[in-house]
Amino acid sequence: MTRSERAAAEGFMRLALAEAAKGLGRTSPNPAVGAVLVKDGRVVARGHHARAGGPHAEVVALRRAGEEARGADLYTTLEPCSHFGKTPPCSLALLEAGVRRVFVGSRDPNLLVNGRGIARLRRGGVEVTAGVLREECDALNAHWFRYITSGRPYVTLKAAITLDGKLATRDGDARWVSGEASRAEAHRLRDRVDAVLVGAGTARADDPRLTTRLPRGRGRDPVRVVLDPRLSLPPSLKLFHHRSKAPTLVAHLAGVRIPARRLAEGVQFLACRERRGRIDLHDLLDRLAARGIAHLLVEGGAEVHRSFLDEGLADRVLLFVAPKIAGGEARSWVAGPSVARMADALALEGLSVRPLGEDLLVTAVPVRR
Ligand code: AOF
Ligand code: ZN
């Protein structure tokens, strides 16, 4: 490809990425995928994958294009599939429709596909260019790549903190640490993940709803998960009552008896294995994955963040840092004892920072040891 051809391909792939983003938080356990069909430099159809079990992005675009698809180029954020799953293979549909060239963003790591979609297209005489805006396409589905290759959800730890790393004041006051722009972003985040989790301490202290509140009632609620190992939380909490289409899952230790009256509340109970007196997070994540949860947002508190970090189960950390200093013995966002030597501190990489209103949004990835 010449430089100008690559620039043009990237332009169309950006449109496909925008299509794909429409599905974020709605397609699990499937990826968010977008596709654009182009003929003579003009977009003839767009499509995205809207929900698991529904038609794939490529097929949505093909249907919309009709006869116009013949001789057109397809730009898709993920390699077209080659398997008969809930729907027939997209690579065959593309061949039948007479698409001329295919531009692919991410390679599909799903063992059912994994290069076979591209190979099938090439065998059928279609020219395939792979890896167009690969980084952006991979980033859009980072959660799904983790899920499909390891069978456990991708975990994002989120906290709103002061400049000195505190979650709240000495008295536990946290209203509010971050500004309005950060809080709005936190709701956009809930809209895009499959589930949100908090520990019992946070559920008790903050009584959160964990729903998505976006302007004009847009957005959808994630599944709500609360860690309540011994079922000691009061049933009056909003989590257990506040109406949502999304269920609330109460993770508890296997063997703890569920009082009959609690079964009537409409929440679901998840019996988990015990590890050192606590809920075994590996077991919990397996159970969430089995329910099709590919992206889990952990919203605290400090003990829970600590446990996910200690277990090596945090894939990404998102910190909303507010220009405030709480000082003294107020709680840090990560509980537990400090390391003795700085050389032993938990290291993170891939640090990025962006301003959000008066705050900063800091993103980083824990280094795997
Ligand atoms: C999607 N949407 O747009 C594309 C996917 O069970 P199925 O038939 O829906 O197949 C799901 C797999 O298909 C998925 O894991 C991924 O490997 C591949 N591509 N999936 O849900 C799409 N293009
Ligand atoms: Zn497909």
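A: Start with one term. Angles between axes run from 0 to 180 degrees, taken between N-to-C directions. Two packed helices are described by the angle between their axes and the distance between the axes. One caution also comes before the details: this is a predicted model.

Now the helices. Take α2, residues 57-65, and α3, residues 90-97. Their axes come within 9 Å. They cross at roughly 25 degrees. Angles under 35 degrees count as roughly parallel, so α2 is roughly parallel to α3. The crossing of α2 and α3 is left-handed.

Which residues of α2 and α3 meet? From α2 come E58, V59 and L62. From α3 come C90, A93, L94 and A97. By class, this contact of α2 with α3 holds six nonpolar residues, no polar ones and one charged.

On the α3 side, the residues are S91, L94 and L95. On the α4 side, they are G117, R120 and L121. This contact of α3 with α4 divides into three nonpolar, two polar and one charged. L94 of α3 takes part in the contact with α2 and in the contact with α4.

Next, the sheet of five strands. It is open, and its order is β2-β1-β3-β4-β5. The pairing is mixed. Strands of a sheet pair through backbone hydrogen bonds, either parallel or antiparallel. The edges are β2 (42-48) and β5 (127-129), and each of them pairs on one side only. Neighbouring strands of this sheet are turned by 20 degrees against each other on average, direction ignored.

One pair shows the antiparallel case. Strand β1 (residues 34-39) runs antiparallel to strand β3 (residues 73-78), and four bridges join them. Here A35 stands opposite T76 in β3. Another helix, α1 (residues 3-21), lies across β1, β2, β3, β4 (101-106) and β5. Its direction is at about 140 degrees to β1.

There is also a ligand. Ligand 1 is surrounded by 16 residues. The closest are N30, V33, H56, G85 and N110. The shell around ligand 1 has seven nonpolar, seven polar and two charged residues.

Nine strands form it, in the order β10-β9-β8-β7-β13-β6-β14-β16-β15, with mixed pairing. Its edge strands are β10 (268-272) and β15 (348-356). The twist averages 25 degrees from one strand to the next. Within it, β8 (residues 223-227) and β9 (residues 248-253) pair in the parallel sense over four bridges. V225 stands opposite L249 in β9. Helix α12 (residues 302-310) lies across β6 (154-162), β8, β13 (295-298) and β16 (359-366). Helix α12 runs at about 140 degrees to β6.

Technical notes: Residues numbered from 1 in each chain as written. Chains lettered and ligands numbered in written order. Predicted model: local features only at pLDDT ≥ 70, side-chain atom pairs only at ≥ 80, totals over all residues. Pairing = 2+ DSSP bridges. Helix = DSSP H or I, 4+ residues; strand = E, 2+ residues; numbered from the N terminus. Contact = placed C-beta atoms within 7 Å. Near = placed C-beta within 6 Å. Nonpolar A, V, L, I, M, F, W, Y, C, P; charged D, E, K, R; others polar. Parallel < 35°, antiparallel > 145°, perpendicular 65-115°, else oblique. Left-handed = near helix turned anticlockwise from the far one by under 90°.
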